[in-house]
Amino acid sequence: MTQAQLAQGNNPLLAVRDVSVVFGGIIALNGVSFDMRSGNILGLIGPNGAGKTTLFNCLSRLYQPSSGDILMEGKSILSRPPHRIAEIGIGRTFQNVALFPNLSVIDNVRVGAHARTSSDIVSDSLKLAWVRRGEADMNKKVHEILAYLDLESVAHTVVSGLPFGTQKRVELGRALAADPKILLLDEPAGGLNHEEVYVLGDLIRKIRDERKITVLLVEHHMGLVMSIADHVVALNFGRKLAEGTPAQVQADPDVIKAYLGSKDQ
Amino acid sequence: MSAAEEVVTEAPAVEAVPKRAMTLGYGTSLAVLAALILIPLFVKNFIIFQMTMLLIYGLAVLALNILTGGSGQFSLGQSAFYAVGAYTSAILMEHAGMNYALTLPIAGLICFGFGFLFGQPALRLSGVYLALATFALATAMPQLLKLGYFEHWTGGVQGLVVTKPDAPFGLPMGQDMWLYYFTLAVSIAIYVASVNLLRSRSGRAFMAIRDNEIAASAMGVDVALYKTLAFGVSAGITGVAGGLGAIAVQFVAPDGYTITLAISLFLGMVVGGVGWLPGSIVGSAFIIFVPNIAESISKGLSGAVFGVLLFLVIFLVPHGARQVAIVAQQLIAKLKKN
């Protein structure tokens, strides 16, 4: 771990370089650049339509930028299809929770480990010894994650019946099962009440501290972002408005005008 | 809300859905197996033949269940895969003189390849559109089998007659009984392998795709690969069933594998319970025996009677045999408590 950090030196874990996205004639993102440092929580904020989700979808490879590049540990991720993002250590959650509703909590988390395991349909059908060993190792990890997120008592419950807050934890668990280096969280506070948002904030910080995972937090909830982010990037109309510590960004006149100002109206 | 969460965390007793709803319990499985082994010893040859067909259609329904219940893809084209399997076995036995048992894995592999390839264009379709594309395959197949170009092998409209195998090693049993036990052994092997598959990493990938493709892909599941694999596996098992069917009825002909067969298999899957593998044999029993029951009720209106029976099943138990099994399980649990 320290070796890797040394080798990495001053290089960012993830670098967004001059990324633009154009849909038809509409410029959704216009030359956005920022770096993510290992071990940081980076908050990406901006009013509706600012381009947060577009950028998020570029990172998770659902959209292809018209120009610019995205580098993970110095290597471009733009030639990778969406299903080959998890294997290089990019995990994500979804805006309104996108679990597998008919699967149990534990199976949802097991699917999360897909990118970190291997098998083929013949070996799986015959339950060969190496498949059984792999499943046992994976189950150990999955149970550790369930215990970590306090989900063990609902492990075998089908997720669709669980409360929203619990489903969000399951989604976090599913993402953690892939051993991500970076966790992309798309509006994790959406649909949660005041108290739950702060519980979630503590959990995100705990995951960063204890599991050494870098977090990109795309969020509307200013309170959450300002309380847990180390670094904040503010977008508006597809451009980067400001970047810095939460305090710096909060004090930036452009941000106040574009985001906080318009929010108060 | 966190209080509500704690209620759920501390009271998993409210759990509405059983943990392992995919298979039967250990005891029930043994009871079903014992019945399948013992019954043929006490019944007439015709009933043994019908039980063989029950297993064969059960396999074909199971195959569709893996595709639809597992990976969420619809198919009304299973009769095409069944036909390819049946013709593969028949041609290999009659033209190449191959042993019947050896023809089955070949039929399975050829159908796997056929299904896998068909799965490629099907990737662009979903839901009803996929159902229609597979429907087209089912309608085309009987005519393709009649083509003069293939007539030398397929026997054209006439079809092919297949010799029924004798029991090996001088076992003291008739051809029907031997074929039944042979089919039973193949069916058990395929059932166990299917359960293993659906409970494995690959099976979870299938179900993840069924539930949410984008999320599955974000978890590293190659959606296109697993969707086509599901088609391949389903077609492969259907092909083995088709091969067994050809041996059991000793005859293959194009008109035996029309869209009606595909719809029957679909019906069997729904009646058995989509996604519940043991239901496959119940669904198979429905499509084999209920038409006979309908005919015994009214000869002239057997189709209408069948329709009414089907309506009743759909209204009373929309989740099929699976629902009946769950209710029975709860009743037994209640009785045990009292």
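In what sense do S3(A) and S9(A) pair, and over how many bridges?

Analyst: S3(A) and S9(A) pair in the parallel sense, over four bridges. Strands pair if DSSP finds at least two bridges between them. Strands (E, at least two residues) and helices (H or I, at least four) are DSSP runs, numbered from the N terminus.

A word on the source. This is a predicted model, in which local features need pLDDT of at least 70 and side-chain atom pairs count only at pLDDT 80 or more, while totals for chains, interfaces and linings use all residues. Residues are numbered from 1 along each chain as its sequence is written, and chains are lettered from A and ligands numbered from 1 in the order in which they are written.

Now the strand itself. S3 covers residues 41-45 of chain A. Two pairs show how it sits against S9(A). A:Leu42 stands opposite A:His231, and A:Ile45 stands opposite A:Ala234. S3(A) also pairs with S8(A), residues 214-218. That pairing is parallel too, over four bridges. Here A:Leu42 stands opposite A:Leu216, and A:Leu44 stands opposite A:Val218.

Next, burial. A residue is buried if 20 or more other C-beta atoms lie within 10 Å of its own, exposed if 12 or fewer, and partly exposed in between, with C-beta atoms placed from the backbone. Five of the five residues of S3(A) are buried, so the strand is largely enclosed by the rest of the structure. In a regular strand the side chains alternate between the two faces of the sheet. Both faces of S3(A) are covered. On one side are A:Ile41, A:Gly43 and A:Ile45. On the other are A:Leu42 and A:Leu44.

Five of its six residues are buried, so S9(A) is largely enclosed by the rest of the structure. S9(A) also runs antiparallel to S10(A), joined by five bridges. A:Leu235 stands opposite A:Lys240 there.

Six strands form an open sheet in chain A, in the order S6-S7-S8-S3-S9-S10. The pairing is mixed. The edge strands are S6 (90-92) and S10 (239-244), and each pairs on one side only. From one strand to the next, the twist averages 20°.

A helix covers part of this sheet. Axes are lines fitted to C-alpha atoms, for helices over the stretch in contact, and angles run from 0 to 180 degrees between N-to-C directions. Contact has a cut-off: two residues are in contact if their C-beta atoms, placed from the backbone, lie within 7 Å.

H3(A) deserves a look here. Eight of the eight residues of H3(A) are buried, so the helix is largely enclosed by the rest of the structure. Among them are A:Val105, A:Ile106 and A:Arg110. The buried residues of H3(A) pack against H5 and H6 of chain A, together with H9 and H10 of chain B.

Last, confidence. pLDDT is the predictor's confidence in each residue, from 0 to 100. The mean for chain A is 88, and 94% of its residues reach 70 or more. Among the elements of chain A, H3(A) has the highest mean pLDDT, 95. H1(A), residues 2-8, has the lowest, 46. Over residues 1-8 of chain A the pLDDT is below 50. Beyond near neighbours in sequence, this stretch has two contacts in the model. Where pLDDT is low, the predicted coordinates should not be read in detail.
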